[in-house]
Amino acid sequence: MKIAIDAMGGDFAPLAPVKGALLAREKYGDVEIVLVGRESAITDALRQAGQSALPAGVTVRNATEVVEIADDPATAFKKKPGSSLTVGLNMVRDGEADGFVSAGSTGALLSGATLVVKRVRGLRRAALAPTIPTATGRAVLLDCGANAECTVEYLLQFAYLGSYYAAKVLGVEKPRVGLLNIGAEEEKGDALRRETYQKLREAHENGNLNFVGNVEAKEALLGACDVIVCDGFSGNVMLKTIEGAGKLLGGMLKGMLLKNAGTKLAALLLKGGLSDFKKTLDPNEVGGTALLGISKPVVKAHGSSNETAFCNAVRQAVEVARSGIADDIARDIDKMRPDRARENG
């Protein structure tokens with residue numbers, strides 16, 4: 001298994017991607033890592049990481065250009081064919097790598113993945129699909145920003161994509177699919193939500209999806225479903241709210257436990273539990289967001305990723321590659337059309 005990493009993408013590039021590659025190689029010894037970027041910058045980062053030379057299983061693919069945050073996301077990968085992002089995507093397309101990880105521009109990565117690596121034939125849109133913590137484990141949230149405006153067909157396809165990911169990558173048996181809405185009742189929401197509800201219910205009755213109905217955001221976080229289906233605007237708002245709430249609660253808890261000698265003693269006794277709590281809400285522990293619907297594994301790590309995040313993003317890319325999810329999607333693509341929802345599949 002070989003995973004390419006965009007060594008020039010992210011707020012702390014190239015040091016964080018390089019350290020993440022070294023950590024991933026140490027943890028996942030059967031995975032080869034290719035650092036894609038300016039060779040001189042990668043060499044400098046290796047020295048900063050305490051490495052005088054590349055360790056076994058880690059190689060460098062030189063890429064002279066960098067996609068900057070100010071570049072037009074829709075055309076950056078075309079205008080900069082020598083960029084680390086473009087070179088990495090070309091490697092995946094050409095079979096030189098089994099997956100690609102980047103913490104660079106989300107828009108450029110999505111555009112590049114769609115036009116270079118390509119979507120699974122028949123899919124209308126790829127979706128950003130992070131996993132979020134819930135009271136019962138984790139849930140897949142899609143879309144969370146790639147498609148602000150959606151059609152019924154997009155949302156129906158997202159339900160299938162999320163269900164396959166939850167089953168094949170997260171190991172959930174018969175994933176429960178919920179439609180994010182402002183209430184649980186069937187008639188709630190706007191026309192898009194109401195029509196999508198009907199198509200998802202038809203897919204459930206046909207035995208193709210385990211649809212549990214509408215879910216409110218608060219119920220989703222309490223574990224009401226394993227897959228949360230929504231448009232990219234709503235999903236992004238929900239994701240950012242969860243991140244903000246996590247930081248707020250973490251800060252309040254820290255302030256409470258450090259208030260006096262008694263609470264500090266309690267904090268010491270709770271150290272292990274507090275560490276687990278922090279990890280649950282730490283996006284670096286997740287690693288990144290899979291671009292579901294792309295024909296080969298592409299993982300978007302968040303811009304402020306540290307070495308732990310890059311390491312976990314590599315793990316996620318490997319899991320997607322080994323899951324065979326793209327083959328499942330391609331095989332069942334006809335089920336994902338609204339006009340086929342009633343048919344027995």
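User: Which residue does Thr289 stand opposite in β12?

Analyst: In this predicted model, Thr289 stands opposite Lys300, and that pair belongs to the antiparallel pairing of β11 with strand β12, residues 298–300, which extends over two bridges. The two strands form a hairpin with five residues between them, and in that hairpin Gly293 takes a positive phi near 105 degrees.

User: Which residue is the bridge partner of Leu128 in β11?

Analyst: The partner of Leu128 is Leu291. Strand β5, residues 127–129, runs antiparallel to β11 and is joined to it by three bridges.

User: Which way do the residues of β11 point, and are they buried or exposed?

Analyst: The general idea is that side chains in a regular strand alternate between the two faces of the sheet. In strand β11, residues 289–292, Thr289 and Leu291 point one way while Ala290 and Leu292 point the other way, and all of them are buried.

User: Where is Ala113, and with which residues is it in contact beyond its neighbours within four places in sequence?

Analyst: Ala113 sits in helix α5, which covers residues 106–118. Once the neighbours within four places are set aside, Ala113 is in contact with Leu89, Lys118, Leu291, Ile294 and Val298, and one of these, Leu291, is also the bridge partner of Leu128.

User: At what angle do the axes of helix α1 and helix α2 cross, and what is the handedness of the crossing?

Analyst: For a pair of helices, one reads the separation of the axes, then the angle, then the handedness. The axes of α1, residues 15–27, and α2, residues 39–48, come within 9 Å and cross at roughly 65 degrees, and the crossing is right-handed.

User: Which residues meet there?

Analyst: Leu15, Val18 and Leu22 in α1 meet Ile42, Ala45, Leu46 and Gln48 in α2. By class, this contact has six nonpolar residues, one polar residue and no charged residues. As for Leu22, its C-alpha atom is 25 Å from that of Ala113, and the two residues are 91 apart along the chain.

Technical notes:
Residues numbered from 1 in each chain as written. Predicted model: local features only at pLDDT ≥ 70, side-chain atom pairs only at ≥ 80, totals over all residues. Heavy atoms only, no water. Contact = heavy atoms within 4.5 Å. Axes fitted to C-alpha atoms, helices over the stretch in contact; angles between N-to-C directions. Left-handed = near helix turned anticlockwise from the far one by under 90°. Nonpolar A, V, L, I, M, F, W, Y, C, P; charged D, E, K, R; others polar. Buried < 20%, exposed > 50% of the residue type's maximum accessible area, 1.4 Å probe, protein only. Pairing = 2+ DSSP bridges.
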